[in-house]
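Let's take a walk through this structure together, stopping at a few helices and a few loops along the way.

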Amino acid sequence: MRKYFNVCVMFFPLLFCQATEKKTVESAFLHAEKQTKYMLEEIDELEKQNGKELVSPRSIAEDGNLKMVVSRDWTSGFYPGVLWYLYEYTQNDFWKQKAVEFTSNIEREKWNATTHDMGFKIYCSFGNGLRLTKNAHYKDVIIESAATLVKRFNPNVGAIRSWDHNKDKWDFPVIIDNMMNLELLFEATKMTGDSTYYDVAVAHANTTLKNHFRKDNSSFHVISYDPETGEVEKRNTHQGYGHQSSWSRGQAWGLYGFTMCYRYTGNEAYLKQAEKIARFMLDHRNMPADLVPYWDYDAPGIPNEERDASAAAVMASALYEMGTYLGKRGELYAKSADKIISSLSTDYVSPIGENKGFILIHSTGAKPSNNEVDVPLIYADYYYLEALIRKDRLENQRPLTE
């Protein structure tokens with residue numbers, strides 16, 4: 001009897017934890033479904049008033065209404081991605097139909113060479129659609145989009161130009177966010193066999209690795225280059241507190257981006273940089289106990305500064321993947337991701353039927369310009385659901401990126 005009791009003591013906590021973690025993912029997706037159905041109602045009302053030029057929700061406007069954007073907005077692909085993730089987890093054709101509908105609304109962006117955000121727009125929407133449906137047309141859109149994106153590559157700089165605006169500030173700006181758009185290029189090479197896309201992605205990653213990071217492994221937001229010589233002209237942090245501060249979502253973009261680049265290339269330098277970024281964030285003196293960072297790690301009013309749930313969601317998703325490449329050490333990063341997901345799922349979720357249907361609250365877009373501060377943001381929802389999908393895959397011993 002005593003032997004049986006000991007076995008139960010030893011294994012019951014493990015079984016209890018597994019059941020609890022499974023319940024976390026299930027309940028999170030149930031909540032996400034209810035909120036997203038509410039958002040669809042809000043979108044229908046806006047379409048009655050404004051037509052269908054506004055294709056995707058982004059946030060809540062200052063007047064309290066749902067903030068919708070046109071297809072060229074950098075966030076237009078995240079809501080279709082949310083719908084694809086709901087379909088992936090639930091296998092409910094309702095979500096598939098909605099995902100197809102909202103994905104088709106932004107197809108015109110495959111020709112938009114005025115932006116570097118092709119990955120955010122096209123891969124989060126058409127990329128997930130292709131993965132889940134094998135629709136050959138989606139593949140064609142991705143390849144066309146990659147061909148459009150590489151037009152922004154400057155071989156003198158060795159990077160893809162980010163912004164065309166603010167030409168009075170920067171000659172050739174490259175932002176840390178741009179790491180996220182490289183997945184589209186890597187996939188295009190896999191689809192076509194044309195190494196051009198892969199080579200551009202690797203060159204961009206290498207240039208970012210060389211110039212974007214400080215000695216403590218935090219990153220600047222914007223590096224400005226001389227487009228003729230490739231020399232660094234300025235190092236700035238446009239959306240953070242100051243040029244020497246560490247904008248939290250920028251650190252998360254870097255973590256995610258270099259982890260993803262390691263997946264495609266096997267270059268250990270990328271994985272090492274990703275782990276250095278992770279350690280910078282997790283060990284930072286101003287990282288809160290719930291692992292949902294302030295909008296900038298150096299914001300002057302901490303602990304009375306706004307949080308950024310979007311940074312936390314990106315970080316969690318990246319940590320789940322990075323952990324799979326690090327053996328036993330990777331388990332510690334998965335536990336950190338679990339902590340983030342637990343925090344987001346309890347203290348940063350919208351009550352059902354509120355916040356126009358967004359899933360998460362308390363994100364910060366650009367505090368210095370007082371733009372989208374302490375509001376829901378659609379990309380927070382996207383990476384939160386992606387992190388949940390990855391958590392579910394890990395718990396069921398399935399590949400994260402199949």
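Keep in mind that this is a predicted model. Start at Asn370, which is exposed, with a relative accessible area of 56%. You'll find Asn370 in the loop between S8 and strand S9 (371–375). Its backbone is worth a look: phi of Asn370 is near 55 degrees, a positive value in a residue other than glycine. Most residues other than glycine have a negative phi, and most peptide bonds are trans.

Lys356 also has a positive phi, about 60 degrees, and isn't a glycine either. This residue sits in the loop between helix H11 (330–347) and strand S8 (363–366). Lys356 is buried, though, with a relative accessible area of 17%.

What about the peptide bonds? The one from Ile302 to Pro303 is cis, with omega near 15 degrees. Pro303 belongs to the loop between helix H9 (268–282) and helix H10 (309–324).

Now for the helices. H3 runs over residues 93–104, and its twelve residues reach 17 Å from first C-alpha to last, close to the 16 Å expected. Which residues of H3 are buried? They are Trp95, Ala99, Phe102 and Thr103. These cover an arc of only 100 degrees around the axis, so they lie on the same side of H3.

Notes. Residues are numbered from 1 along each chain as its sequence is written. This is a predicted model: local features need pLDDT of at least 70, side-chain atom pairs count only at pLDDT 80 or more; totals for chains, interfaces and linings use all residues. Side-chain values use heavy atoms; hydrogens and water are left out. Helices (H or I, at least four residues) and strands (E, at least two) are DSSP runs, numbered from the N terminus. The expected span of a helix is 1.5 Å times one less than its number of residues. Buried means under 20% relative accessible area, exposed over 50%, partly exposed in between (1.4 Å probe, protein chains only). The arc is that of the directions from the helix axis to the C-beta atoms.
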